[in-house]
Amino acid sequence: MGMINGTKENASFANPMAIAADKKGNLYIADSHNNMIRKIDAAGNVTTLAGSGVAGSQDGPGTGASFFYPMGIAVDDSGNIIVCDTHNNRVRKITADGIVSTIAGRRDTATHSSAGSDIKFDNPVGVAVDHRGNLYIADMMNDVIKKISYDQKITNFAGIVSDAGSENGKASSSSFYLPWGIAVDSANNIYVSDSYNNMIRKIDPDGNVTTLAGHLQKGSSDGQDTAASFFHPAGIALDEKGNLYVADMGNNKIRKISPDRMVTTVAGNGLRGNHDDRDTLASFNKPYSVTISNGCIYVADYQNNLIRKISF
């Protein structure tokens, strides 16, 4: 554990919880315990993009800004980095040149939606951006998915505030239980890792919520859609072929859901460890997030304080 910049071999992190990639192959890390957003360029050099290292909520340039345990990260089409600043209950933006501003939220929590700086979250942990610039936020402790539209209108998009459950159906009457990871595809389907329901859920463009894979009982079985099982799935990411990759945190595995909803294990033997090897011979220790870049999977391996790479 540490906060050293430099080459990838010499750099250090402290409980990295989220990872995202831009179009140029740069990786961005929510280095949670360090209260920083770190960058790994295509050559493997690690720098601090933003955050002083001291918990706070200050906007501003680069290391003059501050965060409080950021746990979610995404990159929009313009190259802005969107951060779930979890313990500040805020959604923040970092421009390509490192200027941090607050999009929405405030330090206290609440259970309603409104507009602008009045919107309140309760531990937002996952964020995804669609091609129109709309943001989707997994507002974990409120058990809802919030939407921040490109024109800054903020709504509860799916789920019922503080009403944990696993109901499918229309978004407004559906329910989630501590939703975590979130991803959006080119057809505007929204995917959610419904962590404490041990499910992966899907919200289609018409606002219908279904269970894509998994069931309420935790497990680690591969198989077809709801015959498969997960254990507190966290971050998720889509590749260009429509495969959904899941950081199956409780199982210490990386899982894959194909477009035909077949669940397989990509990497991890299920035991806690930091062993590099092929597919299920490797080991992780609470992998919390995944991203796809240049045909590889990158993993924020939380308890190991490592960024791992899965090559095919």
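Contact here means heavy atoms within 4.5 Å. These views come from a predicted model, in which local features need pLDDT of at least 70, side-chain atom pairs count only at pLDDT 80 or more, and totals for chains, interfaces and linings use all residues. Residues are numbered from 1 along each chain as its sequence is written, and side-chain values use heavy atoms, with hydrogens and water left out.

**View A. Surroundings of Ile145.** Beyond its neighbours within four places in sequence, Ile145 touches several residues, including Ile137, Phe157, Phe176, Ile182, Val192 and Ile203.

View B. A nonpolar core is a set of buried (under 20% relative accessible area, 1.4 Å probe, protein chains only) Ala, Val, Leu, Ile, Met, Phe, Trp, Tyr and Cys residues joined through side-chain atoms within 4.5 Å. The largest one has 24 residues, and Ile145, Trp180 and Ile203 have the most contacts inside it. Strands (DSSP runs of E, at least two residues, numbered from the N terminus) E11, E12, E16 and E17 each supply at least two of its residues, with E16 giving the most, three. A second, separate core of 15 residues includes Ala30, Ile73, Val83 and Val100.

**View C. An open sheet of five strands.** The order is E1-E5-E4-E3-E2, with antiparallel pairing (two strands pair if DSSP finds at least two bridges between them). E1 (6–7) and E2 (16–21) are at the edges with a single partner strand each, so one side of each lacks a neighbour in the sheet. Have a look at Thr7, whose bridge partner in E5 is Asn45.

**View D. The E25–E26 hairpin.** Two residues separate these strands, and Asn294 in the turn has a positive phi of about 50°. Six antiparallel bridges link E25 (residues 287–293) with E26 (residues 296–301), and Thr291 sits opposite Tyr298. Six of the seven residues in E25 are buried.

Note on methods
Helices (H or I, at least four residues) and strands (E, at least two) are DSSP runs, numbered from the N terminus. Buried means under 20% relative accessible area, exposed over 50%, partly exposed in between (1.4 Å probe, protein chains only).
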